[in-house]
Amino acid sequence: MLPPIPVLTDYGISPTHGFLPEVLPLTRLPDPYYNKWEAIAANLQALILSKRLRGVVDRLPVLDTIGLEHDAEWRRAYSLLSFMAHGYIWSGDSPSDRLPPSIAVPLLKISEHLEVPPVATYAAVCLWNFKPLFMDEDIDNLENLATLSTFTGAIDESWFYLVSVAMEARGAPIIPLMLTAIAAAREGDAATVTRCLHTFAERLDDLTTLLQRMHESCDPKIFYDRIRPFLAGSKNMADAGLPHGVIYDDGSGKEEYRQYSGGSNAQSSLIQFFDIVLGIEHRPTGEKRGRPQEQGEGHAPAPKHNFLLEMRKYMPGPHARFLNDVQSVANIREFVEEHRDDRPLCIAYDACLAMLRALRDKHIAIVTRYIVLPSKEVRTRSRSRSPEAVRRKVNLATASRQQPPGIALDTRGDGKKDNLKGTGGTALISFLKQARDETGEPVVEAWAHRFMSRVIRTEGQGDFFAGKPEEGAGLQVASQAEEAVIPGLAASWTVDDDVGGICYY
């Protein structure tokens, strides 16, 4: 017997808002008992700037969670404490490897209640950290959104979060739409599946358009130097000043170091939902595509990539369970493969893959602009600065100055070049490219396969003036990593395999 198709309300998912809360995030906790938390959050930027946040938090009493009643209150408290925790850790000249009981005790309880890690996750800074400016307008409109909390108070930081919020809102209708498609596939209703895929592809194009707006109000240098360090986790952050992680002081005297990844767009349940319903399989980075296995409903490809599976642990518990349950009923890829003679259906399915691949292409370009290029500029500047100036402050942005090869070194011992890490502590440009290429693998139509397998070549590469290419260099195939060259106003910049980013789709 086939498992039932998940019901959104069973997982706290809205048919209109998707993974954003059905009830808008609270702008303030209603119980005056928590005024001290709200006061710190309201003055967070000033306390960080004056380097007085740690002193204020150290004097803060340990507040109980008994006054938190509705889910919206728990989510507000989690977001507040997450911002306070990361501000406490990263606001000094060197990071603190200990969170005091005033933050640690309530944050651990609230995280357990919400089924999320006690760290600034995607949910803390995006899903539960926004408000509409006008209640009668949609929240998928960037011009109608504002953040509730930021570390810096900069427009750039707010915009960085809000682009993701708008994408979540714009993509929300895809969730019930594709559950309808799964039900239609069970009934053999190809016409309904095709209509759903058409709408899915159109929405994916909308999401790419929203993502492309990142540059409008978020400056890459401000993001890299000022915003990104506060989003860093405590996992693989030895070179950023946290070799062991962070101790959450709960007063028991038996605390041990904990390590968590930082905020990442891979923690977006929406993006992983897209992969699951389309039957896209993501392999561990570097693993080639093997022989396809026989699959049926309830046996959709499991996301074998350790990073993707790890990121599900950072999603709200009900959202992660929803993805697991959708995985057990996903049947669209199988249905399309069984109806290869239905060209409208196959073209609609391939269009979805093409649009999702285009979204990932755009994301690679943004990671390059906001992470790769600034990191190279930092290393270039550091060569001309005195060691005293370089070592003055230690965090994720300055780690590359202390260790010129990169942030959070990859100590695989395989002789390969050290890799720059993102806030999640993982070098992922290679992963991003592979995830992009894997998105196009299930295509049905031969022309679509050729289109998404093409290798982008750039003028002047491998020609007479550049020297003789290595043997076999002209025989490029889709599985090989190509260099994506993005034209800029003054020059061109490229995606470099040796570095990584913060937010990953």
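Mentor: Let us begin with burial: a residue is called buried when its relative accessible area is under 20%, exposed when it is over 50%, and partly exposed in between, using a 1.4 Å probe and protein chains only. Please keep in mind that this is a predicted model, in which local features need pLDDT of at least 70 and side-chain atom pairs count only at pLDDT 80 or more, while totals for chains, interfaces and linings use all residues. Residues are numbered from 1 along each chain as its sequence is written, and side-chain values use heavy atoms, with hydrogens and water left out.

Trainee: Why is Phe 223 called buried?

Mentor: Phe 223 has a relative accessible area of 1%, which is under the limit for burial, so Phe 223 is buried. By the same test Phe 160, at 9%, is buried, and Tyr 370, with 3% relative accessibility, counts as buried too.

Trainee: What makes Met 355 partly exposed?

Mentor: Met 355 has 25% relative accessibility and therefore counts as partly exposed. Ala 183 is another partly exposed residue, with a relative accessible area of 30%. For the protein chain of 505 residues, buried residues make up 55%.

Trainee: Why is the pair of Phe 160 and Phe 223 called tilted?

Mentor: Rings of Phe, Tyr and Trp (its six-membered ring) pair if their centres lie within 6.5 Å, and planes under 30 degrees apart count as stacked, over 60 as edge-to-face and the rest as tilted. The structure holds 14 aromatic pairs. In the one you name, the ring centres of Phe 160 and Phe 223 are 4.6 Å apart and the planes stand at 40°, so the pair is tilted. This pair links distant parts of the chain, since Phe 160 belongs to helix α7 (residues 155-171) and Phe 223 to helix α11 (residues 220-231), 63 residues apart. The helices named here, H or I with at least four residues, and the strands, E with at least two, are DSSP runs numbered from the N terminus.

Trainee: How do you know that Phe 223 and Tyr 370 are edge-to-face?

Mentor: Their ring centres lie 5.9 Å apart and their planes are at 80°, so the pair of Phe 223 and Tyr 370 is edge-to-face. Because Phe 223 lies in helix α11 and Tyr 370 in helix α16 (residues 343-382), the pair ties together parts that are 147 residues apart in sequence. Phe 160, Phe 223 and Tyr 370 are among the members of one aromatic cluster, which also includes Phe 83, Phe 151, Tyr 161 and Phe 230.

Trainee: Why is α7 called roughly antiparallel to α9?

Mentor: Axes are lines fitted to C-alpha atoms, for helices over the stretch in contact, and angles run from 0 to 180 degrees between N-to-C directions. Helix α7 and helix α9 (residues 190-211) pack at an angle of about 170°, with their axes 10 Å apart. That makes α7 roughly antiparallel to α9, because angles over 145 degrees count as roughly antiparallel, those under 35 as roughly parallel, 65 to 115 as roughly perpendicular and the rest as oblique.

Trainee: Which residues of α7 and α9 make the contact?

Mentor: Contact means heavy atoms within 4.5 Å. On α7 the residues are Val 163, Ala 166, Met 167, Arg 170 and Gly 171, and on α9 they are Arg 203, Asp 206, Leu 207, Leu 210 and Leu 211. Met 355, which lies in helix α16, is in contact with Ala 201, Leu 204, Asp 205 and Thr 208, leaving aside its neighbours within four places in sequence.

Trainee: Why is helix α12 described as largely enclosed?

Mentor: Helix α12 (residues 269-278) has 10 of its 10 residues buried, so the helix is largely enclosed by the rest of the structure. The buried residues include Phe 273, Phe 274 and Asp 275. After α12 comes Gly 279, whose phi is positive, near 75°.

Trainee: What makes β1 and β5 edge strands?

Mentor: Two strands pair if DSSP finds at least two bridges between them. Three strands form an open sheet in the order β1-β4-β5, with mixed pairing. Strands β1 (98-99) and β5 (257-258) each have a single partner strand, so one side of each is left without a neighbour in the sheet. The pairing of β1 with strand β4 (residues 246-248) is parallel and runs over two bridges, and Arg 98 stands opposite Ile 247 in β4.
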